[in-house]
Amino acid sequence: MSVLIVTSVGDIEVDLHTDMCPLTTKNFLKLCKMKYYNGCLFHKIEKDFLAQTGDSTGTGAGGDSVYKFLYGDQARFFDDEIRPELRHFKMGTIAMASAGENCNASQFYITLRDGVDYLDDKHTVFGMVAEGFDTITKINETYVDDKGRPFKDIRIRHTYVLDDPFDDPPQLSKLIPENSPVGKPQDEIAEERLEDNWVPPDETVAPEELEDTIRSKEAHTNAVILQSLGDIPDAEIKPQDNVLFVRELNKVTQDEDLYTIFSRFGSVTSAEIIRDYKTGDSLCFAFIEFEKKEACERAFFMMDNCLIDDRRIRVDFSQSVSKQWRQFRQSKSNANKDGCFKCGALDLIARDCDQRAEQKNKGPNYILKDENTQRSGNKRRSYDLVFEDGENYNGQQDLRSADRRKIHKIDDRRSGLPPRGDRDRISRERTHIDENDKEGNRDRGNQKHEDYNRYCKPGERSSSRHDDRGYSKHESRSKYRDGDDDYRRQSGGSRYGRDKCDGERRYRGDDGHGRSNRHTR
């Protein structure tokens, strides 16, 4: 009297104690015929203790006996059949998992080690594993969570009754399905885990292919890290497939020589020998960029180990991404961070860009306009940025104005003139003084004229008018002299102040009191 249990990790053959536990073994055999156990989970596995199954809900709180299907809900549970001679003394012992005394239904467990004496006289032992101990070992070694639920599902796929000493009840024929059910039971409500048919990738591919897969994943992970650190523009960036790397060149080889040699394979976009940035000497390697990928491949197969300027060169496909990185930096400094650094579009990223050809760098979007300065006769030339679109660049105009102010300050310092601010202030003061003098003189002249007409004789009017004119000149000269004295005191008696006053005195030819001595001998 035995049953074959097919699980997702192997087969288990069970021998039943039908003579000592007829009620329990009959329940187990008839449930196997009904395919009740098909798809049931091993919902609880305790390492080196037991593995429990038989619940169609997968939670450990369900399960029905065959007597419920035959006689109704009142017969859901049946009584215990505990025998003193049936003990949990050996690995592979099969017993009923009951909810309490005389509460057996469909759940059962398999012990995973010898001598589980704790369960004796508490549960009905009704069978023993005859074959399939390797399957029990696999079940025992599976990974489980803190509740004992395996992370990868272990299911009973099929059950086959090999020997049944009990007759089938008449109602049982209606409960046996025509085809054996496959997959999950309809009543299962347990949390989803990895399916029982899931196989790790390392068990389905060849070792070489597995190693390549691991390397590619590690490379992608490193690329993502470098992108997050800012060392590369994009994790999916790849070297250009139309660029050759040429090494072991002769120092006398020039760019034009490589351009001419490699042009026989196709159109060459650029041929650049890498040189020392200080001395300009060749570093004996170069990059050759072709317009088409096919031309690059032809040059790779034909030019490797060729002789150029008495040196045998080595040719390989370029692995450098410096050009893409330079373009990314330029686009990052000139535009937003979003968008494609290859074509400059803002509505996509580099990995989705279909534009394979690199765009050539365009010339500057401005022209230089020559303009002569007009201040103080300065012959310096100033250059303005004039954009083709006619837009005004206020920032550049501000910088230009500041530069001009700086130039005028330097010119004034060299010519010995006072600072422009002081000159403007003195000029305003003198203008104000002149206006006051004119008004004062006009008032004084009117007053004197009235006094003269009132008190003087008619014959004396002409001579007095000449005296008034001389008095006005004297007052005006005194005001100018006072203004010069004020500035001389402010400038601290500078050389400029003395020279200017002396020059004015020589120009006027007076003696400091308003009297001219130009005709004195």
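Please keep in mind that the model is predicted. A search of the whole structure turns up 13 aromatic pairs, and ring pairs join F28, Y36, Y37, F69, F108 and F126 into a cluster.

**L244 in strand β9**

- L244 belongs to strand β9, which spans residues 243–247.
- With a relative accessible area of 0%, L244 is buried.
- Not counting residues up to four places away in sequence, L244 touches F262, A286, F287, I288, F290, C296, A299, F300, V315, D316, F317 and S318.
- L244 and E297 are 53 residues apart in sequence, while their C-alpha atoms are 8.8 Å apart in space.

**I82 between α2 and β5**

- You will find I82 in the loop between α2 (66–71) and β5 (93–96).
- I82 is partly exposed, at a relative accessible area of 32%.
- Once residues up to four places away in sequence are set aside, I82 touches D121, K122, H123 and T124.
- The C-alpha atoms of I82 and C21 are separated by 8.2 Å, and these two residues are 61 residues apart along the chain.
- K122, one of the residues touched by I82, also lies over the face of Y118, at 4.0 Å from the ring centre.

**D64 and its polar contacts**

- D64 sits in the loop between β4 and α2, and at 16% relative accessibility it counts as buried.
- The side chain of D64 makes a polar contact of 2.9 Å with the side chain of R76.
- Another polar contact, of 3.3 Å, joins the side chains of D64 and K68.
- Leaving aside neighbours within four places in sequence, D64 is in contact with L31, Y36, F69, R76, A105 and S106.

**Aromatic pairs**

- Among the 13 aromatic pairs found in the whole structure, F28 and Y37 form a tilted one, with 5.6 Å from centre to centre and 40° between the planes.
- Both partners are buried: F28 has 2% relative accessibility, and Y37 has a relative accessible area of 1%.
- The rings of Y36 and F69 have their centres 6.0 Å apart and their planes at 65°, so this pair is edge-to-face.
- Y36 lies in the loop between α1 (22–33) and β3 and F69 in helix α2, so their pair ties together parts that are 33 residues apart in sequence.
- Y36 counts as buried at 14% relative accessibility, whereas F69 is partly exposed at 34%.
- Y36 and F69 are also among the contacts of D64, and both belong to the ring cluster that includes F108 and F126.

**A lysine over a tyrosine ring**

- The charged end of K35 sits over the ring of Y160, 5.1 Å from the ring centre.

Definitions and conventions. Residues numbered from 1 in each chain as written. Predicted model: local features only at pLDDT ≥ 70, side-chain atom pairs only at ≥ 80, totals over all residues. Heavy atoms only, no water. Helix = DSSP H or I, 4+ residues; strand = E, 2+ residues; numbered from the N terminus. Buried < 20%, exposed > 50% of the residue type's maximum accessible area, 1.4 Å probe, protein only. Contact = heavy atoms within 4.5 Å. Polar contact = N/O pair within 3.5 Å; in protein donor to acceptor, adjacent residues only side chain to side chain. Phe/Tyr/Trp six-rings, centres within 6.5 Å; stacked < 30°, edge-to-face > 60°. Lys NZ or Arg CZ within 6 Å of the ring centre and 35° of its normal.
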